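Let's take a friendly walk through this protein, pocket by pocket and then into the core. Keep the 3D view open as you read.

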Amino acid sequence: MSDLQSHAAALADGVAALHGNNQGESVAVDACCGVADEGFRRGAHELAFAVIRASLHKHGLENDKLCRRYSFLLDTVAKSRMSAKRKGPPKMLFLREMLSRVPEVLSGQIALLGGVDGVKAGECGVLMKERGVMVIGLSLLEWRLLLEKPSKMEMHLSSGVEEAVVRGLSQSESDDQADLKLSWNAWALKLCEAEEGTPQLRGKCLLQRTVLLLAQNSFQKAIESSGEVM
C-alpha cells in the first residue's frame with residue numbers, strides 16, 4: 001500500500017467515526033478538526049484539506065475554529081505550489097484536480113460527511129498574493145468564508161472563471177515587458193480552457209494573443225493565432 005493510500009485509509013476511518021457523532025455541534029466540529037489535524041501531522045496536506053473542506057460544507061461558517069482550520073489548510077496547500085520566481089502570473093491550483101487525487105476509500109467517506117459540495121469543485125477563485133497562487137474551484141460557501149472572515153493575507157476574490165480570466169487579460173495589457181504580456185495572456189487562456197470558459201471569452205484571449213504577437217513581429221505565429229480566433 002502506498003503512503004497516500006495508507007494516509008487516506010487512516011483518515012477514512014476517522015471520518016467514518018464522525019457519522020455517528022451525536023454529541024452536539026461543537027464536539028462534532030472538534031472531531032472533524034482532529035481528523036484533519038491527523039492528516040496534517042502525516043504530511044498529507046491535500047487529504048487534510050479535503051476533510052476540513054467537507055466539514056465546512058456540513059457545519060457551515062458559524063464555528064470559528066473550523067473556519068480558522070480551513071483557512072490554515074488552504075494556505076498550506078497553496079504554499080506547496082509556490083515558486084521562487086515571483087514575477088509574472090500566479091501558479092494555478094485547481095481544486096477539481098486536487099479532489100480527483102483523493103483515494104476512493106477517503107473520497108467516499110468525505111461525500112457522506114459533506115454531501116455533493118464536499119467532493120466537487122465550485123466556480124469561484126481566490127488569488128493569494130503573498131503565495132503567488134490562484135486557487136480555482138471554490139464553492140460559494142468557501143468564497144463567503146474568505147470574504148467575511150478577516151485574514152492577514154492579501155487576497156483577491158473572483159466570483160467566477162470569467163472575472164479571473166478578464167483580470168489576467170487586463171494585467172497583460174498593463175504590463176510593460178513583452179514576455180510578461182504574453183505570459184499573462186497564456187495564463188488567462190489556460191484558465192479559460194481548463195475551466196471551460198465561453199467561446200467568446202476564449203476568443204478574447206486569442207485575439208489579445210494575436211495582437212501581442214504582431215507587436216513582436218512574430219507574423220507567422222500571429223497568423224496561426226488569428227486562425228484560431230476565426
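## The second largest pocket

Helix α4 gives the largest share of the lining of the second largest pocket, with 5 residues. Bear in mind as you look that this is a predicted model. Both α4 (64–79) and α7 (140–148) supply at least two lining residues each. In total, 14 residues line this pocket, and R68, S71, K149, P150 and S151 lie nearest its centre.

How much space lies in this second largest pocket? The volume is about 290 Å³. Its lining divides into 7 nonpolar, 2 polar and 5 charged residues.

## The largest pocket

Now turn to the largest pocket, with a volume of about 640 Å³. It is lined by 27 residues, and the closest to its centre are G88, P89, P90, K91 and W184. The elements that each give two or more residues to this lining are β1 (91–94), α8 (161–174) and α9.

Which element makes the largest contribution to the lining of the largest pocket? That is α9, with 7 residues.

## A buried glutamate

Next, find E195 in the loop between α9 (178–194) and α10 (199–215). Is E195 buried or exposed? Its relative accessible area is 18%, so E195 counts as buried, the cut-off for buried being under 20%.

Which side chain does E195 meet in a polar contact? The partner is R96, and the polar contact between the two side chains is 2.7 Å. Setting aside neighbours within four places in sequence, E195 is in contact with F94, R96, I136 and V161.

## The nonpolar cores

Finally, look inside. The largest nonpolar core has 46 residues, and F49, L106 and V135 are the ones that touch the most other members. Helix α3 (residues 45–59) provides the largest share of this core, 8 residues. Apart from this core lies another one of 18 residues, including L127, M134, L169 and L206.

Not counting residues up to four places away in sequence, F49 touches Y70, L73, L74, V77, L95, M98 and E142.

Notes
Residues are numbered from 1 along each chain as its sequence is written. This is a predicted model: local features need pLDDT of at least 70, side-chain atom pairs count only at pLDDT 80 or more; totals for chains, interfaces and linings use all residues. Side-chain values use heavy atoms; hydrogens and water are left out. A nonpolar core is a set of buried Ala, Val, Leu, Ile, Met, Phe, Trp, Tyr and Cys residues joined through side-chain atoms within 4.5 Å. Buried means under 20% relative accessible area, exposed over 50%, partly exposed in between (1.4 Å probe, protein chains only). Helices (H or I, at least four residues) and strands (E, at least two) are DSSP runs, numbered from the N terminus. Contact means heavy atoms within 4.5 Å. A polar contact is a pair of N or O atoms within 3.5 Å; within protein, one must be able to donate a hydrogen and the other to accept it, and residues adjacent in sequence count only if both atoms are side-chain atoms. On a 1 Å grid over the protein atoms alone, a cavity is a set of points where a 1.4 Å probe fits but cannot get out, and a pocket is an open set with protein on both sides within 12 Å along at least five of seven lines; lining residues have an atom within 4 Å of a point. Grid points are joined across faces, edges and corners, and a volume is the space filled by probe spheres set on the points. Ala, Val, Leu, Ile, Met, Phe, Trp, Tyr, Cys and Pro count as nonpolar, Asp, Glu, Lys and Arg as charged, and the others, Gly among them, as polar.
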